[in-house]
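Hi everyone, thanks for coming. Today I'd like to walk you through one protein model, so please have a look at it while I talk.

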Amino acid sequence: MIREIHTDKVTDLVERLCIEANCHLTDDIYSCLKNCRATEQSPLGKDILNTLVENAQIARDETAPICQDTGMTVVFVTLGQEVHLTGGSLEEAINEGVRRGYEKGYLRKSVVRDPLDRVNTKDNTPAVIHYEIVPGDGLHITVAPKGFGSENMSGLRMLKPSQGLPGVKDFVIRTVSDAGANPCPPIIVGVGIGGTMEKSALLSKKALLRPVGERNPDPALAELEEELLQSINQLGIGPAGFGGTTTALAVNILTYATHIAGLPVAVNIGCHATRHSEGKL
Ligand code: SF4
């Protein structure tokens, strides 16, 4: 049975999600920032965590952006194969939602039309949109604005299979260590292992959507996440990079099948304002 969804509904949903994501830090990250104040060893680190919690609370209360960098708008669309979209282009509907959301929410417009001529589009479009077609008649949208302080410190390596798990660990730790204070710690570390070059990058970004505190269902990967989190928190970077024991709130790993000759690893760093909001039609 085919279900019709008008693209106007998509625009309305994306508009709402853009504002919600930018102003309302998700409960998992908010609680984690609060809880880390008790375990952070550095007094300055504790102060900074207090400020971050206060900032997130004000943003929630006043529907104001958590950070001045309201990001490039990344949109994940999961579309049921029994949905018939009416009313025009899905892509244009999503971009119209971004346009309206960023205007209505007083969110900074941070997108340039071309990476080389660098002219601001003045409406934060185009979004970066990832589509997934699944069975069923639902339409699920996640809006994840991505600040570039953290995006710029992300990385990808095509390791040799012989480098194995030690090579993966080394690359993740080195990427975070080299990033230092730049990605606005405490960070969330999304790791994608396997697939092809672009698949690992997408996995690492999707990994940032998993709630903090929720581990990979595979016990071996859950253990690796915990081990990497502990190693990262021993780097001493600390909140805002002023030193301390809270450099990362979580390491989230996603994996996929890969080629016999390769071991792609991508690390996407999310800052203390790792934002996303989701909705269904
Ligand atoms: S990295 Fe995050 S917290 Fe830092 S400026 Fe960018 S969006 Fe804001």
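I'll go through the domains, then the spaces between them, then the salt bridges and a few backbone details.

First, some ground rules. What you see is a predicted model, in which local features need pLDDT of at least 70 and side-chain atom pairs count only at pLDDT 80 or more, while totals for chains, interfaces and linings use all residues. Residues are numbered from 1 along each chain as its sequence is written, and side-chain values use heavy atoms, with hydrogens and water left out.

Let's start with the domains. The protein chain is divided into domain 1 (3-22 + 66-146) and domain 2 (149-274); these bounds come from an automatic or database domain assignment. Their C-alpha centres lie 26 Å apart. How many residues of domain 1 are in contact with domain 2? Nine, and they touch 12 residues of domain 2, where contact means heavy atoms within 4.5 Å.

The size of an interface is often given as the accessible area lost when the parts come together. Here the two domains bury about 710 Å² between them, and 71% of that is on carbon and sulfur atoms. Buried area is the accessible area, taken with a 1.4 Å probe, that two parts lose on being put together, summed over both. Across this interface the rule finds two salt bridges. A salt bridge means a side-chain nitrogen of Lys or Arg within 4 Å of a carboxyl oxygen of Asp or Glu.

On a 1 Å grid over the protein atoms alone, a cavity is a set of points where a 1.4 Å probe fits but cannot get out, and a pocket is an open set with protein on both sides within 12 Å along at least five of seven lines; lining residues have an atom within 4 Å of a point. Grid points are joined across faces, edges and corners, and a volume is the space filled by probe spheres set on the points.

The largest pocket holds about 270 Å³. Where does the largest pocket lie? Domain 1 and domain 2 both give residues to its lining, so this pocket lies between them. There are 13 lining residues, and Phe76, Thr78, Thr142, Lys206 and Leu209 lie nearest the centre. At least two residues come from each of β2 (72-80), β4 (128-134), β5 (139-146) and α7 (197-207). Those labels come from DSSP runs, numbered from the N terminus: helices are H or I with at least four residues, strands are E with at least two. The lining divides into five nonpolar, five polar and three charged residues. For these classes, Ala, Val, Leu, Ile, Met, Phe, Trp, Tyr, Cys and Pro count as nonpolar, Asp, Glu, Lys and Arg as charged, and the others, Gly among them, as polar.

The second largest pocket has a volume of about 220 Å³. Its lining includes Asp69, Arg108, Arg118, Lys146 and Phe148, and by class has five nonpolar, two polar and four charged residues.

Of its 16 lining residues, Pro145, Lys146, Leu208, Thr274 and Arg275 are the closest to the centre. β5 gives the most to this lining, with three residues.

On to charges. Side chains of opposite charge can pair when their charged atoms come close. The structure holds 19 salt bridges. In one of them, Glu15 pairs with Lys104, with the closest N and O atoms 3.2 Å apart. That pair links distant parts of the chain, 89 residues apart: Glu15 is in helix α1 and Lys104 in helix α4. Lys146, which we met in the linings, has a salt bridge with Glu151 at 3.1 Å, N to O.

Finally, the backbone. Most residues other than glycine have a negative phi, and most peptide bonds are trans. Which peptide bonds are cis? Thr125 to Pro126 is cis, with omega near 0 degrees, and so is Pro185 to Pro186, with omega about 10 degrees. Pro126 lies in the loop between α4 and β4. Arg118 is placed in that loop as well, and has a positive phi of about 60 degrees although it is not a glycine.
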